Amino acid sequence: MTAAEAKYPKRDFPFAAKCTWLITIGLYVSSVLFVSLCVPWTNPKLLRPGSKFTGAVSPFVIAIEEAGIAVIPGLANAGFLFAAWTAANTQLYVASRTLFGMCQGMTPTSNPFLWPLGRTRKKNGAPVMAILASCIFAPLAYLLCATTNAQKVSKKTWFSPLLK
């Protein structure tokens, strides 16, 4: 996706492809290793069947709390929220660029509904209509956050298959 918009893709993309998986695997393995050394699997704060899903049961937060640091668990939860926001932003980027690529080259006579999605702004080249079309479906993800609301909504709307 991003190679098409890079200034020097032949130089930058191979380096990014080599480094991305090394950094990702290194961060995941090292963080899981250190947390598993600090928090035993028998810790009563860890998630058990039937317990509530909250940020307080994260093994990272438990490790910080057991270290006796008062402020850092809130910062860790903020970091987790920031990571989720970043993932959502990346997915919006990928969805809009995919939609833009699929609709590029369409004319008003060939497909009158989808051709604006293949156009960009003249000022900065951003596919604004594709971004807005991708944003329409983002609120559907929040329906799954509360199961009671999702169950109520799924009985009344046209997108009930998406919630199952």
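Helices here are DSSP runs of H or I with at least four residues, numbered from the N terminus. With that in hand, welcome to a predicted model whose elements run α-α-α-α-α-α from the N terminus on. The protein has six helices and zero strands. Below is a short tour, from the whole chain down to single residues.

**The overall picture**
- Of the 164 residues in the protein, 17% are buried.
- The accessible surface comes to about 12800 Å², and carbon and sulfur atoms account for 70% of that area.
- Among contacts with a separation of 6 or more, 30% join residues 24 or more positions apart.

**Helix α3 and what covers it**
- Helix α3 takes in residues 72-103, which is 32 residues.
- From its first C-alpha to its last, α3 reaches 46 Å, close to the 46 Å expected at 1.5 Å a residue.
- The buried residues in α3 are Pro73, Ala76, Ser96, Arg97, Phe100 and Cys103.
- Cover for these buried residues includes α2 (59-66) and α4 (128-136).
- Just after α3 comes Gly105, which takes a positive phi of about 90°.

**Glu5, ahead of the helices**
- Glu5 sits in the segment before α1, the helix of residues 9-38.
- Leaving aside residues up to four places away in sequence, Glu5 touches Tyr93 and Arg97; Arg97 is also on the list of buried residues in α3.

**Cysteines**
- How many disulfides does a search of the whole structure find? The search finds zero.
- For reference, a disulfide is a covalent bond between the sulfur atoms of two cysteines.
- Cys103 counts as buried because its relative accessibility is 3%, and buried means under 20%.
- Cys135 has 33% relative accessibility and therefore counts as partly exposed.

- Which residues make the nonpolar surface patch of about 440 Å²? They are Trp21, Leu22, Ile25 and Val29.
- Val29 lies in helix α1.
- At 53% relative accessibility, Val29 counts as exposed, because that class begins over 50%.
- A helix has 3.6 residues a turn, so residues three or four places apart point the same way.

Terms used
Residues numbered from 1 in each chain as written. Predicted model: local features only at pLDDT ≥ 70, side-chain atom pairs only at ≥ 80, totals over all residues. Heavy atoms only, no water. Helix = DSSP H or I, 4+ residues; strand = E, 2+ residues; numbered from the N terminus. Buried < 20%, exposed > 50% of the residue type's maximum accessible area, 1.4 Å probe, protein only. Contact = heavy atoms within 4.5 Å. Areas by Shrake-Rupley, 256 points an atom, 1.4 Å probe, with all protein chains shown as cover. Expected span 1.5 Å × (residues − 1). Disulfide = S-S within 2.5 Å. Patch = residues over 30% accessible without salt bridge, like charges linked within 9 Å, V, L, I, M, F, W, Y side chains within 5 Å. Salt bridge = Lys/Arg side-chain N within 4 Å of Asp/Glu carboxyl O.
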